[in-house]
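Let's take a walk through this model together, one piece at a time. Keep the sequence and the 3D view side by side as you read.

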Amino acid sequence: MTNWIFVPYYDHGARPYGTWYAADMTTFNGWTQNHYREYDVAFVNVWNNADTLGHTVGGEGLRTSGSIPQAVLGVTALGYPAEAPYDGQWQYYCLSSATLDTSYNTLGMPCPLNGGSSGGPWLQNYDNATGLGYAVGINESTSGSTLYSSPFTSAVSNLYSLVQDDVYS
């Protein structure tokens, strides 16, 4: 990835928390070389010459599972869908429970978010007032009105442990 930026709570051109530039991005070989869905996750260290992202907007907790559960209750999926009827300029959400979809061997939840939403978080115990919750997966793909994600495993928490203290100034 090159020229990658993160704009928290982007809204039709407004950047209320600034623009954050990627300093370092870490992912799994299982994703970059083989496109295994369970490894479709990356951690990005960002900077903006002001403060840390966590101090500016907060940070999510991380929940992992040992295998694909039969269901994950109370999931909030966030994303910036860009295909009609959306325009990619506003963050939308879905709130539902996710269940095992054996045809994809992943979790699926009813949600109309489409292309452009990829990479958005799946959060449990999400509090809209604080914007905080526990990340359990990401928006991977859609089919009709179903959104899919592989749940985060211990491999994801291990990768996070490797990069969580990397700070760039």
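How many disulfides does the count come to by the rule used here? Taking a disulfide as a pair of cysteine sulfur atoms within 2.5 Å, the count comes to one. Before we look at it, a word on the ground rules: this is a predicted model, in which local features need pLDDT of at least 70 and side-chain atom pairs count only at pLDDT 80 or more, while totals for chains, interfaces and linings use all residues. Residues are numbered from 1 along each chain as its sequence is written, and side-chain values use heavy atoms, with hydrogens and water left out.

The disulfide joins Cys 94 to Cys 111, with an S to S distance of 2.0 Å. Cys 94 lies in strand β6 and Cys 111 in the loop between β7 and β8, so the link ties together parts that are 17 residues apart in sequence. Strands and helices here are DSSP runs numbered from the N terminus (strands are E, at least two residues; helices are H or I, at least four). The link is right-handed, with 75° about the S-S bond. Both Cys 94 and Cys 111 are buried, where buried means under 20% relative accessible area, exposed means over 50%, and partly exposed is in between (1.4 Å probe, protein chains only).

Now step back to the sheet. Eight strands form an open sheet in the order β4-β9-β8-β5-β6-β7-β11-β10, and the pairing is mixed; two strands pair if DSSP finds at least two bridges between them. At the edges stand β4 (61-62) and β10 (141-143), each with a single partner strand, so one side of each is left without a neighbour in the sheet.

β4 pairs with β9 (residues 132-138) in the parallel sense, over two bridges, and Leu 62 stands opposite Ala 135 in β9. Ala 135 is also the bridge partner of Leu 123. Strand β8 (residues 121-127) runs antiparallel to β9, and five bridges join them. Four residues lie between the strands in this hairpin, where Gly 131 takes a positive phi near 75°. Five of the seven residues of β9 are buried, so this strand is largely enclosed by the rest of the structure.

What holds the middle of our tour is the packing. In soluble globular proteins, nonpolar side chains tend to be buried together. A nonpolar core is a set of buried Ala, Val, Leu, Ile, Met, Phe, Trp, Tyr and Cys residues joined through side-chain atoms within 4.5 Å. The largest one has 13 residues, of which Val 75, Ala 98, Met 109, Cys 111, Trp 122 and Leu 147 touch the most other members. Two or more residues come from each of β5 (71-79), β6 (92-101) and β7 (106-110), and β5 gives the most, with three. A second, separate core of 11 residues includes Val 41, Leu 78, Val 156 and Val 163.

Val 156 and Val 163 bring us to helix α3 (residues 154-163), whose buried residues are Val 156, Leu 159 and Val 163. They cover an arc of only 60° around the axis, which puts them on the same side of α3; the arc is that of the directions from the helix axis to the C-beta atoms. The elements covering these residues include β2 (20-27), β3 (42-47) and β4.

Finally, visit the loops. A polar atom of its side chain lies 3.3 Å from the backbone oxygen of Ala 84. Residues that Asn 114 touches, beyond four places away in sequence, include Pro 81, Glu 83, Tyr 86 and Thr 142, with contact meaning heavy atoms within 4.5 Å.

Glu 83 sits in the loop between β5 and β6 and, at 46% relative accessibility, counts as partly exposed. Leaving aside neighbours within four places in sequence, Glu 83 is in contact with Asn 114 and Gly 115. Gln 91 also belongs to the loop between β5 and β6, and is partly exposed at 22%. Among the contacts of Gln 91, again leaving aside neighbours within four places, are Tyr 9, Tyr 10 and Leu 78.

Technical notes
A polar contact is a pair of N or O atoms within 3.5 Å; within protein, one must be able to donate a hydrogen and the other to accept it, and residues adjacent in sequence count only if both atoms are side-chain atoms.
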